[in-house]
Amino acid sequence: MRELLQKLAGVYGPSGNEEPIRDAIQKEIEDHVDEFYTDVMGNLIAVKKGKGGGKRVLLAAHMDQIGLMVTHIDDKGFLRFAALGGISVANSICRRVIFRNGITGVIGYETEVESWKDITLAKMYIDIGASGKEEAESQIKIGDVAVYHSPFSANNDKYMGGAMDDRAGCALLVETIKSLESTPNDLYFVFTTQEEVGLRGAKTSAYALEPDLGISVDVTITGDTPKAKPMAVSLGEGPAIKIKDASILAHPKVKELMVGTAKKHGIPYQLEILEFGGTDSGAIHLSRGGVPSGVLSIPCRYVHSDSETIDANDLKNGVKLLVKILEGEINF
Amino acid sequence: MSDLLKRLVSAKGASGNEDEVRQLIIEEITPLTHQVTVDRMGNVIGYKRGSVPGKKVMLCAHMDEVGFIITRIEENGMLKFGTIGSIDARILPSKRIRIGNEGIPGVFGIKAIHLQEPAERETAVKAKQLYIDIGAKTREEAERKVKPGDYAVFDSEMVYFGEGKVKSRALDDRAGCAALIEALKADCPFDLYACFTVQEEVGIRGAKVAAYNIKPDMALIIEGTTCSDVPGIEPQNFSTRMGMGPAISIADLSSYSNKKMVAYLIERAEKASIPYQIKESLTGGNDAGEIQRSRGGVMTSVVSIPCRYIHSPSSVMDLEDFNNTIRLVQEFLKGCEAL
């Protein structure tokens with residue numbers, strides 16, 4: 001899966017600007033699904049029909065990544081920006097970014113601040129090396145969005161790079177689509193938009209698809225690094241089955257389905273309780289009259305940085321678990 | 001045109017208590033539409049039949065304004081209050097308001113500067129420290145005029161100001177309402193729903209049900225938006241600039257505008273030589289947030305009229321920006337078959 005993940009993680013696609021990553025995912029799956037289309041919010045929906053008698057299952061992974069939107073270009077050609085999603089000061093200082101058209105820049109800050117604690121995003125800017133406003137404006141305009149720019153690398157069974165959140169989830173769904181042999185269930189794989197700015201694509205797609213059951217696949221943070229905030233999720237211990245986060249209490253039956261399937265097939269897993277943050281299932285489970293929903297999480301260190309890190313085996317086991325869940329009959 | 005604006009800003013309409021402005025809007029749009037309805041949330045929806053079947057277009061401006069609600073009457077006849085919508089308490093002392101449907105005059109009072117401890121003078125005032133004085137000496141006297149639960153709004157007249165500008169209360173979003181009403185004089189090929197929503201300032205509530213009921217294919221939101229092109233603010237924080245034309249939003253905190261619509265608005269503006277600006281911030285939110293994510297999703301975009309000092313009794317707007325916003329919305333309507 002390394003090749004697939006590396007490919008998807010390298011494609012541009014911040015919230016609201018998912019066109020390039022959508023095209024890339026579409027190319028991967030078009031020969032493996034019965035039907036696919038893009039809706040008004042830009043979600044890519046791929047349908048795999050079941051043999052009949054099964055459930056309508058929505059599987060969601062968000063295509064978008066966090067980004068930096070240009071809000072102002074000054075006389076010297078420096079770009080001021082606003083966060084599109086969870087961009088933090090600490091993860092941004094002197095990082096490299098890239099725009100859709102390939103223009104790269106580095107994030108600088110007003111060095112007159114007395115302490116690092118005083119730096120806010122409003123005191124930061126993107127330097128694209130332009131000699132003045134005119135040169136900058138010939139390459140970038142207000143509203144353009146940059147994303148972190150860092151190389152993908154792999155060692156010790158770990159993958160490191162930008163946008164693992166949530167291209168790892170997208171890769172997991174793509175691989176699931178390719179691996180599924182037969183299923184009684186009608187499967188709706190939704191590669192959602194604008195998750196990082198408020199679970200927006202998931203909301204409208206869940207409404208339109210009216211699923212019986214929803215599972216989203218996203219990364220989650222871990223507690224396995226030096227002096228980390230306590231959290232019982234570690235890299236390499238298996239995909240995590242969510243109990244709760246700030247957006248959802250996983251439906252007990254969905255959780256049992258996931259845990260039961262993992263046990264039955266001897267697939268390693270861990271249980272996840274995330275105190276802050278949420279994902280697409282937060283919107284999906286409240287759609288219309290309610291949708292029983294759960295989340296399959298990929299443990300990830302350094303989330304929302306340019307070097308998000310996941311474990312190769314967690315990803316592989318995530319695919320194995322999801323395939324087994326979907327191939328079986330879902331009774332509840 | 002500014003007569004209509006003047007009538008609209010004169011009407012009271014704090015969120016949840018939009019009766020007066022709603023009545024006025026119904027009167028204004030009845031001759032311009034085929035049918036006017038009021039839904040259960042209190043949104044006014046003017047329907048104008050189109051000649052091309054297939055799509056539904058929604059125009060939206062919110063008719064509510066920020067305000068206050070009386071929470072308690074003290075022994076001494078002074079009123080305690082809560083705020084409705086986001087209001088900066090620092091601007092309140094000595095501002096005039098009108099309370100209840102009768103419009104009882106009142107003023108925000110605070111301990112006189114002579115009586116304040118030095119420390120008090122140095123900290124920003126909080127709404128809790130303020131009270132409303134309606135000239136009553138006792139609770140009984142006050143109770144004859146107001147009661148807890150009465151709404152209040154800023155009390156100020158619209159005046160012409162500088163060259164081609166107005167200073168007024170409630171420009172957010174009566175300016176949008178006025179522009180929408182004027183824009184209705186243009187023809188739209190598709191069925192058009194002109195929505196004047198309630199309770200935007202307290203959480204985009206009216207727009208949510210309006211969009212659910214109308215099921216539009218596309219929606220254009222018309223807003224009075226922040227304009228901070230004033231001393232002490234660095235250019236990167238202006239957001240919009242007065243006199244530079246209607247501001248088209250790429251995105252804000254509530255929605256990411258549909259790219260096709262944004263490109264189309266820019267194209268129409270350029271073709272008709274209407275000045276426009278791209279809003280230079282990602283802050284704020286508006287009805288687009290709920291409309292875009294209604295049901296299976298709706299194409300939305302936002303056109304804003306730059307207004308300095310919004311959410312105060314004295315917002316300032318350039319009438320050229322107002323007129324150009326009307327022109328842009330009309331251009332949008334006339335050609336929206338292209339979308």
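**Note on the domains of chain A, the A–B interface and a helix of chain B**

1. In chain A, the domain assignment, whose bounds come from an automatic or database source, gives domain 1 as 2-65 + 162-327 and domain 2 as 67-148. The structure is a predicted model, in which local features need pLDDT of at least 70, side-chain atom pairs count only at pLDDT 80 or more, and totals for chains, interfaces and linings use all residues. Residues are numbered from 1 along each chain as its sequence is written, while chains are lettered from A and ligands numbered from 1 in the order in which they are written.

2. The C-alpha centres of domain 1 and domain 2 of chain A lie 31 Å apart. Eleven residues of domain 1 of chain A are in contact with eleven residues of domain 2 of chain A, contact meaning that the C-beta atoms of two residues, placed from the backbone, lie within 7 Å. The side of domain 1 of chain A that touches domain 2 of chain A has three nonpolar, six polar and two charged residues; Ala, Val, Leu, Ile, Met, Phe, Trp, Tyr, Cys and Pro count as nonpolar, Asp, Glu, Lys and Arg as charged, and the others, Gly among them, as polar.

3. Between the chains, 20 residues of chain A are in contact with 15 residues of chain B. On the side of chain A that touches chain B, the elements giving two or more residues are β4 (67-73), β5 (79-84) and α5 (200-209) of chain A, and α5(A) supplies the largest share, five residues. Helices (H or I, at least four residues) and strands (E, at least two) are DSSP runs, numbered from the N terminus.
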